[in-house]
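Please keep the model open while reading.

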Amino acid sequence: MKFDVIIIGGGWAGRSVADRLALAGMKVCIVSEGLSLAVAGNNAPYSHLAALQQRGVTVLRGDRAIKGIITGSKATGVITRNLGKDTVLKADVFVLATGKFFSRGLLSDMNHIWEPVFGADVSYDADRTKWADSEFFAHQPFMDFGVLTDEAGHVLAGGNSVVNLYAAGEILSAGSKEFDIDSFIEEYEHRIG
Amino acid sequence: MSTGSVNLEQCLKCNLCTLVCPMMEVNPDYPGPKKAGPDGERYRLKDPAFFDYALKYCLNCKRCEVACPSDVHIGDMIQSARIKYGSQAKKKGLRGLRDWTLASTDLVGTVSSPVAPLVNGVLGTRPVKAVMDAVLAVDKHRTFPKYSRQKFVSWFRKQDQSAFDRFVTYFHGCYVNYNYPDLGKDFVRLMNAAGYGVHLLNKEKCCGVALMSNGFADKARKQGTVNLDSMRKAVSAGEQVLTTSSTCTFTMRDEYPDVLGLDNSEIRDSLMLATKWLYTKLSAGEIHLNFRKDFKMKVVYHTACHMQKMGWQIYSIALLQMIPGLDLTVLDQNCCGIAGTFGFKKENYGYSQAIGSKLFADVEDSGADIVATDCETCKWQIEMSTGKTVLNPVEILAKAVEF
């Protein structure tokens, strides 16, 4: 299955991107593992996804991206738990919006932090003792950890830019550049005339 | 061995599952997925006496699991608890007989098929419905699916498949075999048109979903073992096992390991709905079907709950969208309320119809000629409650293809 854009993560960040891109006329797929707690309100988490679906977005509810495929400097596909390895979801552009630790956008053990879908580069302090400040209300260093991008917002993997992979929302490290929806849509509209 | 309780500690008590539970909305006696699942499990592990008999209201629709942000196996936990602790509540007397009859799809089908016109006629009459309602507590509003005089397997045995050099194996399920062979016939015609011959499993038993929900887990496990043995043979011969029922598929792929503790790892990836197989092969250009040019149909697609749990509606939808002349609308996912044998029971009929009301209204408002869905019990429920004809996407495809 082929889309213009695949968004991985159905929280605020992923939904906002999906909504804007679908309105602009793009063929969009969003992988939403469960409903998002970040989307507050009683019915909102469910009705938002239903509204996206009505707008023509392919919503994979309760599904999880288990592997992103990178070929050379480009992301080429995503495999999900439910659809299985014989269905590679393809797209021109991918957006990682899987959030930080709670939503498992970032995984960690005692000494490492990693991004499990594309294996994107993650910034974190090599010294484990510096991850958290014992002063509860202080600025917590781990909240700055996250996926790294180049100046154009391309996500880095193995130190190289993946030129069609972007990140949105909490998954970004402090100082990295978020997916620029406005200029992306502008470019798209220019391209299709 | 049940894996139901493994991840109860992942539950954050956020209640998103409660929000999407269709039973919770209509029945205040049901504690809801959070309380019945991870909360209750904590108590049950301490003392089985904490088992709450209101868990019988769980439809096992798995909408809670689709909604859970922490991937807690809420539905599995409830289903496992019913099997583990609920057996003492096994109903005696006539209601027990009713549950056993509703669950024994294979046996009742085998007995009914040879005398199908008689059974269909008798089950459809008002006095019989009234007696079944009063004595067996099978709700009188229900229409029983009609039994077919010729079983699907009897028809299939007369079909020559020897001209093909590649094959798929078909798990037809009870509904196709005893009630609705036309769907199976359409499946065989489509596979043949795509250049594939069809084999049946060495031995096929009911998938066991009705046995599990009616408290006969041991029997379900036995039948599951027979099915898995046969599927291993088919898969090791290089054939994929295709189905036309979303619930049978879901049961054998997910409930076998998660609830019954049966290992299906060797065959799980090779067991799939025909719509997934057809879409994948058609879109890759590996098979070809000739579509009729004069085909016109306005269809609404209803995503069955177990279909949503597997996430495979996208294949059925994409397959329907490939058909020239088919105008498709996808309905918002809502439960139809029947949940297999649940809705046939007198004590559940009211809940069943209340849960389905949103879907029925959507179907009525859609103005479609045909409702498409991959689940046969959704079909019975929607046909009874809306008067619209409901077809499996495989049947619609067969109508649109030039043979």
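## Domains of chain B

Domain bounds here come from an automatic or database domain assignment. On that basis, chain B divides into domain 1 (8-89), domain 2 (152-204 + 213-283) and domain 3 (297-400). The model is predicted.

How far apart are the centres of domain 2 and domain 3 of chain B? Over C-alpha atoms, the separation is 22 Å. In the contact between these domains, 20 residues of domain 2 of chain B meet 24 residues of domain 3 of chain B. On the domain 2 side, the elements giving two or more residues are α12 (181-193), α15 (246-258) and α16 (274-283) of chain B. The most comes from α16(B), with six residues. By type, the domain 2 side holds ten nonpolar, seven polar and three charged residues.

## Overall build of chain A

Chain A contains three helices and 13 strands. Its C-alpha atoms fill a box of roughly 50 × 45 × 35 Å along the principal axes. The radius of gyration of chain A is 17 Å; a compact globule of 193 residues would have one near 16 Å, so the two agree.

Of the 193 residues of chain A, 42% count as buried. Among contacts in chain A with a separation of 6 or more, 61% join residues 24 or more positions apart.

## Helix α2 of chain A

Which residues of helix α2 (residues 44-54) of chain A are buried? They are A:P45, A:Y46, A:H48, A:L49 and A:L52. These residues lie on the same side of α2(A), because they cover an arc of only 165° around the axis.

What covers the buried residues of α2(A)? The cover includes α1 (12-23), β2 (28-32) and β3 (58-61) of chain A. It also includes α1 of chain B. Just after α2(A), A:G56 takes a positive phi of about 100°.

## Interface between the chains

Between the chains, 18 residues of chain B are in contact with 19 residues of chain A. On the chain B side, α1 (16-20), α4 (63-67) and α17 (305-310) are the elements that give two or more residues. That side divides into ten nonpolar, three polar and five charged residues.

Definitions and conventions. Residues are numbered from 1 along each chain as its sequence is written. Chains are lettered from A and ligands numbered from 1 in the order in which they are written. This is a predicted model: local features need pLDDT of at least 70, side-chain atom pairs count only at pLDDT 80 or more; totals for chains, interfaces and linings use all residues. Two residues are in contact if their C-beta atoms, placed from the backbone, lie within 7 Å. Helices (H or I, at least four residues) and strands (E, at least two) are DSSP runs, numbered from the N terminus. Ala, Val, Leu, Ile, Met, Phe, Trp, Tyr, Cys and Pro count as nonpolar, Asp, Glu, Lys and Arg as charged, and the others, Gly among them, as polar. The radius of gyration is taken over C-alpha atoms; the globule rule is 2.2 Å times the number of residues to the power 0.38. A residue is buried if 20 or more other C-beta atoms lie within 10 Å of its own, exposed if 12 or fewer, and partly exposed in between; C-beta atoms are placed from the backbone. The arc is that of the directions from the helix axis to the C-beta atoms.
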